[in-house]
2 protein chains.
Amino acid sequence: MAGANTKARSGRERVNYGPLAQWIGFNLRMAQESAFQAFSKLSKEIGERPGRFATLTLIGCNPGISQTVLSRASGRDKSSLTPVLEDLVRRGLVARKRTDHDRRTYRLVLTADGEQALARLNRCAKRHERNLDRIIGARDRKKFLQILKRIAAEIA
Amino acid sequence: MAGANTKARSGRERVNYGPLAQWIGFNLRMAQESAFQAFSKLSKEIGERPGRFATLTLIGCNPGISQTVLSRASGRDKSSLTPVLEDLVRRGLVARKRTDHDRRTYRLVLTADGEQALARLNRCAKRHERNLDRIIGARDRKKFLQILKRIAAEIA
DNA sequence: GCGCGATCGTTTGATATCCAACGATTGGAG
DNA sequence: CTCCAATCGTTGGATATCAAACGATCGCGC
């Protein structure tokens, strides 16, 4: 079925991906999943979850940011952030401050411990990025990054 | 903190991404999420879930494939496939056959309805891919795809 | 034959995520 | 002033995923 036979599977475990092999969407998912798994393993070594990283970085670079703005920037629903921030606050990495002129929003800031945790995560991320750079190649890195950003920005 | 101030936020809702802006891993996640959302919307129009697509395609291209092989090919744990296949079988899109020489494994095949559902999903995917192609540009498409495949293959 | 490690699909339990709805709060229209 | 729509963070319900453990089955060595 479905035309497009690139290669029938031969001996053991050879799979025919058919048209999937040429589809950006599928390969984007596979690459992201692999990269995430790899980073997950690195960050587990220092006892942090990978999902915390973008959150801590964005709070660090934008002290006083609100949860809603943070959720949009990190590409997740604001309700997903509630348990994450609860955890980060409980562990003393992030502080929530109420403002007086608008008592609905929190202003999020890193604590000293939060800065340290972020620094540790940054070292992991650097190693991870070096691995990715090695695979992508310095020559194509800039263009690759640029295309990723265009996809994120324009497909919505 | 964290050095690297590309731009302080000014008026409304300007967020400083700091070093995140240059990281492949983060941008890979954002691009994948956006692309998946877009495809999700398209496939919802025809009443299918986006996760079913790779599954149906791989079964179609590899009639008789087992669940374990299918799970590895589609990049998901085999236990994630159990409810998906239950649903596809219940709706009559996929048939499971027991083999006589190995009664542990199923052999998965598409039914006629499954072929039709896949054809509908394929039309969605083509539209989706055209949008991605427009963003990426024909000139860079091949290289982009190649890099995605290398990441998926080599980072693990 | 027999037994035991490996494999297949499922179950179970834990996360992470989305979406819709909610209560509290704000700010603007009248 | 007084409402009322909009916004903020949370809650509740649904789905998707993984990892570990399980029962059934296989196949190999002996």
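User: Take a residue as near a molecule or strand if its C-beta atom, placed from the backbone, lies within 6 Å of it. Of the 19 residues around DNA strand C, which come nearest?

Analyst: This is a predicted model, in which local features need pLDDT of at least 70, side-chain atom pairs count only at pLDDT 80 or more, and totals for chains, interfaces and linings use all residues. Residues are numbered from 1 along each chain as its sequence is written, while chains are lettered from A and ligands numbered from 1 in the order in which they are written. On that numbering, the nearest to DNA strand C are Asp77(A), Ser79(A), Gln67(B), Thr68(B) and Ser79(B).

User: Which element gives the largest share of the surface near DNA strand C?

Analyst: Elements are DSSP runs numbered from the N terminus: helices (H or I, at least four residues) and strands (E, at least two). Those giving two or more residues here are α4 (78-90) of chain A, plus α3 (67-74) and α4 (78-90) of chain B. The largest share, four residues, is that of α4(B).

User: Which element gives the most to the surface near DNA strand D?

Analyst: Of the 19 residues around DNA strand D, the nearest are Thr68(A), Ser79(A), Asp77(B), Ser79(B) and Ser80(B). At least two residues each come from α3 and α4 of chain A and from α4 of chain B. With four residues, the top contributor is α4(A).

User: Which element supplies the largest share of the side of chain A that touches chain B?

Analyst: Contact means C-beta atoms, placed from the backbone, within 7 Å. It takes 59 residues from chain A and 59 from chain B. The side of chain A has 35 nonpolar, 13 polar and 11 charged residues. Its largest share, 16 residues, comes from α1(A).

User: What is the bridge partner of Arg98(B) in β2(B)?

Analyst: Strands pair if DSSP finds at least two bridges between them. In chain B, β1 (residues 94-98) and β2 pair in the antiparallel sense over five bridges. The partner of Arg98(B) is Tyr106(B).

Key:
Two residues are in contact if their C-beta atoms, placed from the backbone, lie within 7 Å. Ala, Val, Leu, Ile, Met, Phe, Trp, Tyr, Cys and Pro count as nonpolar, Asp, Glu, Lys and Arg as charged, and the others, Gly among them, as polar.
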